[in-house]
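The following exercises are to be worked through with the sequence and the model side by side. Each task is followed by a solution in steps.

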Amino acid sequence: MAANRKTAQAPSEQGSDRREQLLAIAGHLIASRGYSATTVRDIADEAGILSGSLYHHFSSKDAILEEILRSFMGGLRQRSEEIAAAGGGPLQVFDELVRTAFLTIEAQPDAVGLYQNEASFLAKLPGFEFVAEEGARIEKIWQDVIQEGQREGVFRADLDSAMTYRFIRDGVWSTVRWFRPGGRHSAESAGRNFLKLIHSGLLQD
């Protein structure tokens with residue numbers, strides 16, 4: 001009989017699950033409405049709890065935003081570092097960074113959209129200096145790969161690496177505003193189309 005009985009979830013696990021649910025709800029609302037337009041009451045209402053109950057999990061709306069972005073930015077930076085460390089040549093690393101970006105958009109659209117929409121606001125918010133710091137570390141990974149490819153003759157040397165990175169960064173991450181996985185394209189096929197455009201350009205030979 002005991003073997004057939006479902007193990008009860010520990011209180012700490014229940015609290016952790018609920019916390020993740022609240023972060024997901026908050027992330028979606030902030031990405032959709034904007035940080036300033038989203039209140040603690042909005043998040044609590046969407047979660048079906050009283051506003052005061054939200055404070056059992058988070059000290060403030062800023063704390064919610066910080067946790068979402070620390071997890072997102074830290075995870076993205078770590079994955080980027082792992083791709084760069086795996087090596088294989090600048091073209092392979094570059095392509096994998098692009099593919100990972102589209103997979104991230106597919107898996108975490110709210111976190112990506114939140115970052116895209118609120119980056120300029122966050123730059124002025126005390127306590128969110130980590131966003132710019134993580135962003136700079138990620139940018140360095142991309143620029144190092146581009147510059148290595150230029151030195152090896154894989155990428156065009158007449159292009160400014162910083163500008164090239166920003167063109168590519170904005171071209172990839174801004175797709176969160178219109179790319180909807182489950183439609184005509186998956187993250188994989190969107191990444192493949194983007195890389196074809198980067199590799200071969202738009203003009204017919």
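**Exercise 1: Helix α4 and its ends**

At the start of α4, a side-chain oxygen of serine 60 comes to within 3.4 Å of the backbone nitrogen of aspartate 62. The model under study is a predicted one.

Solution. 

**Exercise 2: Two residues and their surroundings**

Task: Classify arginine 77 as buried or exposed, do likewise for threonine 38, and list the contacts of each.

Solution. 
1. Arginine 77 lies in helix α4.
2. Its relative accessible area is 16%; buried means under 20%, so arginine 77 is buried.
3. With neighbours within four places in sequence left aside, arginine 77 contacts Glu134, Arg137, Ile138 and Ile141.
4. Threonine 38 is placed in the loop between α1 (11-33) and α2 (40-47).
5. Threonine 38 has a relative accessible area of 0% and is therefore buried.
6. Residues up to four places away in sequence not being counted, threonine 38 touches Leu29, Ile30, Arg33, Ile43 and Lys61.

**Exercise 3: Two helix pairs**

Task: Describe how α4 packs on α6 and how α5 crosses α8, giving the angle, the handedness and the residues in contact.

Solution. 
1. Two packed helices are described by the angle between their axes and the distance between those axes.
2. The axes of α4 and helix α6 (residues 109-122) are 11 Å apart, at an angle of about 115°. Therefore α4 is roughly perpendicular to α6.
3. The crossing of α4 and α6 is left-handed. Leu65, Ile68, Leu69, Phe72 and Met73 of α4 meet Ala111, Val112, Leu114, Tyr115 and Leu122 of α6.
4. Helix α5 (residues 90-107) and helix α8 (residues 161-173) have axes that come within 10 Å and cross at roughly 30°. Angles under 35 degrees count as roughly parallel, so α5 is roughly parallel to α8.
5. The α5 and α8 crossing is right-handed. On α5 the contact is made by Phe94, Ala101, Phe102, Thr104 and Ile105, and on α8 by Ile168, Val172 and Trp173.

Note on methods:
Residues are numbered from 1 along each chain as its sequence is written. This is a predicted model: local features need pLDDT of at least 70, side-chain atom pairs count only at pLDDT 80 or more; totals for chains, interfaces and linings use all residues. Side-chain values use heavy atoms; hydrogens and water are left out. A polar contact is a pair of N or O atoms within 3.5 Å; within protein, one must be able to donate a hydrogen and the other to accept it, and residues adjacent in sequence count only if both atoms are side-chain atoms. Helices (H or I, at least four residues) and strands (E, at least two) are DSSP runs, numbered from the N terminus. Buried means under 20% relative accessible area, exposed over 50%, partly exposed in between (1.4 Å probe, protein chains only). Contact means heavy atoms within 4.5 Å. Axes are lines fitted to C-alpha atoms, for helices over the stretch in contact, and angles run from 0 to 180 degrees between N-to-C directions. Angles under 35 degrees count as roughly parallel, over 145 as roughly antiparallel, 65 to 115 as roughly perpendicular and the rest as oblique. A crossing is left-handed if the near helix is turned anticlockwise from the far one by less than a right angle, and right-handed if clockwise.
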